Amino acid sequence: MRKKTIVGGLIAGVLFIGGSSVLVAAEPSVAQQMMQKQMQIMEPEMRQRIQKLSPETKKALLKIYSQHTRHSDNATLRHVMHEVLGDYQAVATGLMTDNPEQAAEAARRLANHRIPRGGLLPYMKLEDITDEKVGILVPFNDDVEGNALRLADAAEKNDMAGAAEYFGKVTNGCMSCHQVFRGKPGVSRHLR
């Protein structure tokens, strides 16, 4: 019985890693379980693209996902981005009205935003599922979520000027990520 559990856990852990030489713990982590579930609902072409990613890129994605405790079986990335925008606006309101509790709480919600149905990758273009493009999610993640957590810490210490500086960094991180992955809203490359 114990052998089956260990072997089953290893197989489950390697499902996402895609047969690379990276070994994982016998019991898959919550992030690994979530990614396995996500892979099951993806179209085959998307799964193949993801499985071609390097072990380092896959580990980086697991690290990002492991920082989130909220996952949705229904929300799309657009839904999640609307929630993030709402939290972002609540942070701004907290900063502008000198309300450190509101700013901190909203910043922590922003940092722990919901992971959409299927994860982040299915909402990207297939040609963007490369080590280079997916790899830049890590610094963007720190720019947005890392600085949101730093903002929350500053606000909790009643350092509203410091929190406001982090807010600028969060804003820059959002805009940088959107420039790479979203493009310009309302503009179509299919129009002359």
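1. In this predicted model, the side chain of His68 makes a polar contact with the side chain of Glu145, at 2.9 Å. A polar atom of the His68 side chain also lies 2.9 Å from the backbone oxygen of His113.

2. His68 sits in the loop between helix 4 (55–66) and helix 5, yet this loop residue counts as buried because its relative accessible area is 4%, against a cut-off of under 20%. When neighbours within four places in sequence are left aside, His68 is in contact with Ala111, Asn112, His113, Ile115, Asn141 and Glu145.

3. Asn141, one of the residues that His68 contacts, also takes part in the packing of helix 4 against helix 8, where Ala60, Leu61 and Ile64 of helix 4 meet Leu137, Val138 and Asn141 of helix 8. The axes of these two helices come within 10 Å and cross at roughly 20°, so helix 4 is roughly parallel to helix 8, and the crossing is left-handed.

4. The largest nonpolar core has 23 residues, and those with the most contacts inside it are Val91, Leu95 and Leu151. At least two residues of this core come from each of helix 5 (77–96), helix 6 (100–111), helix 8 (137–156) and helix 9 (160–181). Not counting residues up to four places away in sequence, Val91 touches Ala103, Ala106, Ala107, Leu151 and Phe167.

5. Apart from the core that holds Val91 lies another core, of 21 residues, which includes Met42, Tyr65, Ile129 and Val134. As general background, nonpolar side chains in soluble globular proteins tend to be buried together.

How values were computed. Residues numbered from 1 in each chain as written. Predicted model: local features only at pLDDT ≥ 70, side-chain atom pairs only at ≥ 80, totals over all residues. Heavy atoms only, no water. Core = buried A, V, L, I, M, F, W, Y, C linked by side-chain atoms within 4.5 Å. Buried < 20%, exposed > 50% of the residue type's maximum accessible area, 1.4 Å probe, protein only. Contact = heavy atoms within 4.5 Å. Polar contact = N/O pair within 3.5 Å; in protein donor to acceptor, adjacent residues only side chain to side chain. Axes fitted to C-alpha atoms, helices over the stretch in contact; angles between N-to-C directions. Parallel < 35°, antiparallel > 145°, perpendicular 65-115°, else oblique. Left-handed = near helix turned anticlockwise from the far one by under 90°.
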